[in-house]
Amino acid sequence: MALRVLDMALRRQLAAQVVRCPQIGSVASVHTLDKIGKREIVGYGWNGTACYYDRADYPMPAVRFREPTNEINNLRQKEKGDWKKMSIDEKKALYRASFCQTFAEIQAPTGEFKQHFGVGLLFTAMAIWVAIFMNLFVYDEMPVTFDEEHKKAQLKRMIDLEMNPVTGLASKWDYQNNRWK
C-alpha cells in the first residue's frame with residue numbers, strides 16, 4: 001500500500017515536470033518548458049504538447065492560461081475550502097487564471113467571414129477583368145467552323161457516318177425516315 005502511494009506521488013511529480021511529445025513518444029525538449037514559463041501543466045492537452053489553446057471541442061488545455069501570482073495562489077488556497085465563502089469576483093479571477101475565454105466567447109461570431117467573402121469577390125472581379133482582357137487583346141477571331149452552316153454540315157456528316165450508334169448522336173436519328181426519333 002505504501003509503495004502504491006509512493007508510486008502515485010512520483011508519477012504526479014514526474015507528470016508535472018515532464019511533457020510528452022506525441023510525434024516521437026518520448027520526453028519533449030526543454031524549450032517547451034521555456035515557452036510556457038512558470039505556468040502549471042495540468043493535463044495531457046489537445047495533442048499531448050504543453051500548449052494553451054481555447055477550443056470548444058476540447059475544453060481542457062494542458063497548461064493554465066496565466067502564470068501564478070501571489071493573488072492567484074491565495075485564491076487557490078481559498079478554493080480548497082468552502083466555495084460559498086468565495087465571492088463571484090474571486091471565482092471569476094480563478095477562472096480567468098486558468099482559461100482565457102468562456103465558452104460563449106469562444107463560440108461568438110468573429111465576423112471573419114466578411115474578410116473571406118471580400119477577398120473572394122476581389123479575386124472574382126480580377127478573373128472577370130482578365131477574361132475581358134483575353135477576349136479583347138489575346139484571342140483571335142472565332143474560326144469559320146463556328147458558323148451555323150458549318151455546324152449543320154458537321155452534324156449531317158456525323159449522322160451520315162453513323163458515329164456512336166449505340167448511345168450517341170446516331171442512336172437518336174431515324175435513318176429510314178430521315179428525321180430525329
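**Exercise 1.** Where does F99 lie? Classify F99 by accessibility and list its contacts.

*Solution.* The model is predicted; local features need pLDDT of at least 70, side-chain atom pairs count only at pLDDT 80 or more, and totals for chains, interfaces and linings use all residues. Residues are numbered from 1 along each chain as its sequence is written, and side-chain values use heavy atoms, without hydrogens and water.

Step 1. F99 is in the loop between α4 and α5 (103–107); helices are DSSP runs of H or I with at least four residues, numbered from the N terminus.

Step 2. F99 has 26% relative accessibility and therefore counts as partly exposed (buried is under 20%, exposed over 50%, partly exposed in between, with a 1.4 Å probe and protein chains only).

Step 3. Beyond residues up to four places away in sequence, F99 touches Y52, P59, P61 and F65 (contact: heavy atoms within 4.5 Å). The C-alpha atoms of F99 and Y52 are 8.8 Å apart, at a sequence separation of 47 residues.

**Exercise 2.** Determine whether S98 is buried or exposed, and identify its side-chain polar contact.

*Solution.* Step 1. S98 belongs to helix α4; its relative accessibility is 10%, so S98 counts as buried.

Step 2. The side chains of S98 and R64 form a polar contact of 2.8 Å (a pair of N or O atoms within 3.5 Å, one able to donate a hydrogen and the other to accept it).

**Exercise 3.** Describe how α3 and α4 pack.

*Solution.* Step 1. Helix α3 (residues 70–79) packs against helix α4 (residues 88–98) at about 115°, with axes 10 Å apart; axes are lines fitted to C-alpha atoms over the stretch in contact, and angles run from 0 to 180 degrees between N-to-C directions.

Step 2. The two helices, α3 and α4, are therefore roughly perpendicular (65 to 115 degrees).

Methods. Parallel < 35°, antiparallel > 145°, perpendicular 65-115°, else oblique.
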